Amino acid sequence: MATPVDTSLRSATISVVVENEPGILARVVGLFSGRGYNIESLTVAPVEDGRHRSRINIVTSGTEMVIEQIKAQLDRLVPVHRVADLTQQGPHIAREMALVKVIATTGDKRSEALRLADAFRARVVDATIESFVFEMTGSTEKLDAFVELMRPLGLAEVSRTGVAAMARGTRVI
Amino acid sequence: MSTPHHPAAAEPATQSGAEILLRALKDQGVEVVFGYPGGAVLPIYDAIFQQNAIRHILVRHEQAAVHAAEGYARSTGRVGVVLVTSGPGATNAVTGLVDALMDSIPVVCLTGQVPTHLIGNDAFQEADTTGITRPATKHNYLVKRSADLARVVHEAFYVARSGRPGPVVIDLPKDILIGPAPYTPPPTEAHRSYRPRTEPDAAAIARAVALLKGAKRPVIYTGGGVINAGATASEALRRFVHRTGFPCTSTLMGLGAFPASDPQFLGMLGMHGTYEANLAMHGCDVMLNVGARFDDRVTGKLAAFSPHSHKIHVDIDSSSINKNVPVEVPIVADAGRALEALLAAWDADPSGPDRAALAAWWRHIDQWRAKDSLRYTQSQSPGAIIKPQYAIQRLYEITRELQRETFITTEVGQHQMWAAQFFKFEQPNRWMTSGGLGTMGYGLPAAMGVQVAHPDALVIDIAGEASILMNIQEMSTLAQYRLPVKVFILNNQYMGMVRQWQELLHGGRYSESYTAALPDFVKLAESFHATGLHARTVDELDGVIRAMIAAPGTVIADIAVDQKENCFPMIPSGAAHNEMILGPEHESEAAGITDEGLVLV
């Protein structure tokens, strides 16, 4: 019978193991742009060096039907080995790293920035008398919160890696 | 350069990349290549010159090479092969590649490329072919090392024909073609990542059969996937439809998988489908889709598509399932394998279908059929203008009477829909049309490819006078290879489908849809060493059709048809199946078509 279509949006963290070959990233990105899917974050790097494989982590959002489409479309690409929807499969860890530059010359702003960095477990990886660069790893939300806190203290530049993700426990992709 | 992996005793110690390429093609069973030479592929043409195993058909435009390969592939079930040069050769092929992608046709397209050291330098006739064709192909390759060449060719054929078939491009830099390369035979082990599922899940088959056995108003809706699954799949479909006693309809792409003359066939469904097919889809309680993809030309308005049915969807491509229409029972499998499994499960289940309900459903369908939604009126008085439907009906009847093996290709537009409605196909692989992409100019080169594969068959391109001009240069190829293709033009001097939409949707403002200064098609045929015929009135029609078929060579038959004729029935864009517009023949009895439905037009 006419199944009511679920129109609510959900976020999905999808990991894809691909053959490490030229053009594979363009293929994945082209799939998303060509079919009008969202990309909130996308990371890619070689893993399993000896077997020429890379892992792509994509954070996307859409209705349940669209997310199922995204997975099916990824899965039919010739160089794709495996597709896993970490959000759907259960508890998982999603982390990204950010470098955050703060330009602060006054003592109170400098000490407040350092205090907050300490509270967020961000490391100072570069410092001058006018600036800091903090390195911080954590969930996207935690990084967002830290960046917002730095804004009034002289936030000058942010560089983020995008999300790397993995299932908790013994389950592997 | 590494030494060959295989010490093939009788082979010369080193072969060039071009020679290795041809050897790999030969090992893949390739007999014919459709191509056009140019600077970057000269080494391949030199190798072709020095062998006899593979025949080359010289087209007049690269787009036509791909359509010809599509026609070859669709009429034989084999992979079609194209060879074009770099830059403009490759870009000209793109329309054909997208056409093959949309219609799931297995094609391998070899493109030349500038030498590897010049890639990225904006060299003469350089284009980023893999970049351009990435969304136009199922997969593509750039061969940058001679050692990869043979392996990539074998893999390309595997990818093109496996799972949901499609076009694959291999971009070949000139230095790879010239330099020595090792040969590797086709692999025996499975592909490392691409292994499409073909066997259906037994639990899903059981759920499907349970739904089908309980159906009171079932319909079987089939598509091009059945054709692509091979002749055995069409045969399994026939057995399944007869075993169940269910009505069967088909998409444009699926015509011929089930015989059009069979009483259980409802005709084509969709935008220009029959009244009975569309109303059966709308009113059914269980729908079995085999190898079709719920295309917008089939579903119409999605929210109102078959609102009361349990849906079962068999598709080899899991991304086609739940893409447009949510289904209850997805079955990812080869259409033929799934039909065999359905038959076995149907027979194993002791319960019978609800025969009383089925009989009542057929009575309903027969009432819809009685409407005769394809009806038109042809005046038989001498000098009467020819109705396009009548021209195709007579073409069909005369070919059937002559009992020649007949293949039909079409261009795109009204003539295409009339051909689908009035030419009845009894077997698969006899009907080639551009369904998904809707490429005007497809039919003539596709007919060329079909005729190359079936030299003794009757191959007819049912065309419109606008579409035919898009690849008319291929008349020259037909002449060169003496391919006796018959071009049957329904000439209404308009881009008929554009004119029809302008009449129905744009207040009759016929903006740029009339072609002034059309060529004299008889003289055009003659200038290409072919025979030109024309029919102006209904009394001339049969004679022209018979003369066209009897002529030993290529023929263009220019049939002047009623300019004002529209293609009905029609489900306007964005309307539901039960908001179908019937033709003027039915004006007085347009029950079921509400004012609201007419406003939607």
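How close do the axes of helix α3 and helix α4 of chain B come, and at what angle do they cross? In this predicted model, the axes of α3 (residues 62-76) and α4 (residues 88-102) of chain B come within 7 Å and cross at roughly 30 degrees. Since angles under 35 degrees count as roughly parallel, that makes α3(B) roughly parallel to α4(B). As for handedness, α3(B) passes α4(B) in a right-handed crossing.

Who does the touching here? From α3(B) come B:Glu62, B:Gln63, B:Ala65, B:Val66, B:His67 and B:Glu70, and they meet B:Gly89, B:Asn92, B:Ala93, B:Thr95, B:Gly96, B:Leu97, B:Asp99 and B:Ala100 of α4(B). Sorted by class, the residues of this contact of α3(B) with α4(B) come out as five nonpolar, six polar and three charged.

**Another helix pair in chain B**

Now take α1 (residues 17-27) and α2 (residues 42-49) of chain B: they pack with axes 8 Å apart, at an angle of about 60 degrees. That angle makes α1(B) oblique to α2(B). The crossing of α1(B) and α2(B) is right-handed. On the α1(B) side we find B:Ala18, B:Glu19, B:Leu21 and B:Leu22, and across from them in α2(B) sit B:Pro43, B:Ile44, B:Asp46, B:Ala47 and B:Ile48. The contact of α1(B) with α2(B) splits into seven nonpolar and two charged residues, with no polar ones.

Here are the two pairs side by side:

| Helix pair | Axis distance | Crossing angle |
|---|---|---|
| α1(B) and α2(B) | 8 Å apart | about 60 degrees |
| α3(B) and α4(B) | within 7 Å | roughly 30 degrees |

**A sheet in chain B**

Further along chain B there's an open sheet of six strands, with parallel pairing and the order β16-β15-β17-β18-β20-β19. The edges belong to β16 (431-432) and β19 (531-535) of chain B, each of which pairs on one side only. Inside the sheet, β15 (residues 406-410) and β17 (residues 458-464) of chain B pair in the parallel sense over five bridges. To pick out one bridge, B:Thr406 has B:Leu458 in β17(B) as its partner. A helix joins in as well: α16 (residues 414-422) of chain B packs on the sheet, touching β15, β17 and β18 (486-491) of chain B. The direction of α16(B) makes about 135 degrees with that of β17(B).

**Chain A**

What about the other chain? Chain A has five helices and nine strands. Reading from the N terminus, its elements go β-α-β-β-α-β-α-β-α-β-β-α-β-β. Along the principal axes, the C-alpha atoms of chain A fill a box of roughly 65 × 45 × 35 Å. Of the 173 residues in chain A, 27% are buried. Among the contacts in chain A with a separation of 6 or more, 75% involve residues 24 or more positions apart.

**Where the chains meet**

How many residues of chain A are in contact with chain B? The count is 22 residues of chain A, in contact with 18 residues of chain B. On the chain A side, the elements giving two or more residues are α1 (24-34), α2 (64-75) and β4 (80-85) of chain A. The largest share of that side comes from α2(A), with six residues. By class, the side of chain A that touches chain B holds 10 nonpolar, seven polar and five charged residues.

Note on methods: Residues are numbered from 1 along each chain as its sequence is written. Chains are lettered from A and ligands numbered from 1 in the order in which they are written. This is a predicted model: local features need pLDDT of at least 70, side-chain atom pairs count only at pLDDT 80 or more; totals for chains, interfaces and linings use all residues. Two strands pair if DSSP finds at least two bridges between them. Helices (H or I, at least four residues) and strands (E, at least two) are DSSP runs, numbered from the N terminus. Two residues are in contact if their C-beta atoms, placed from the backbone, lie within 7 Å. Axes are lines fitted to C-alpha atoms, for helices over the stretch in contact, and angles run from 0 to 180 degrees between N-to-C directions. A residue is buried if 20 or more other C-beta atoms lie within 10 Å of its own, exposed if 12 or fewer, and partly exposed in between; C-beta atoms are placed from the backbone. Angles under 35 degrees count as roughly parallel, over 145 as roughly antiparallel, 65 to 115 as roughly perpendicular and the rest as oblique. A crossing is left-handed if the near helix is turned anticlockwise from the far one by less than a right angle, and right-handed if clockwise. Ala, Val, Leu, Ile, Met, Phe, Trp, Tyr, Cys and Pro count as nonpolar, Asp, Glu, Lys and Arg as charged, and the others, Gly among them, as polar.
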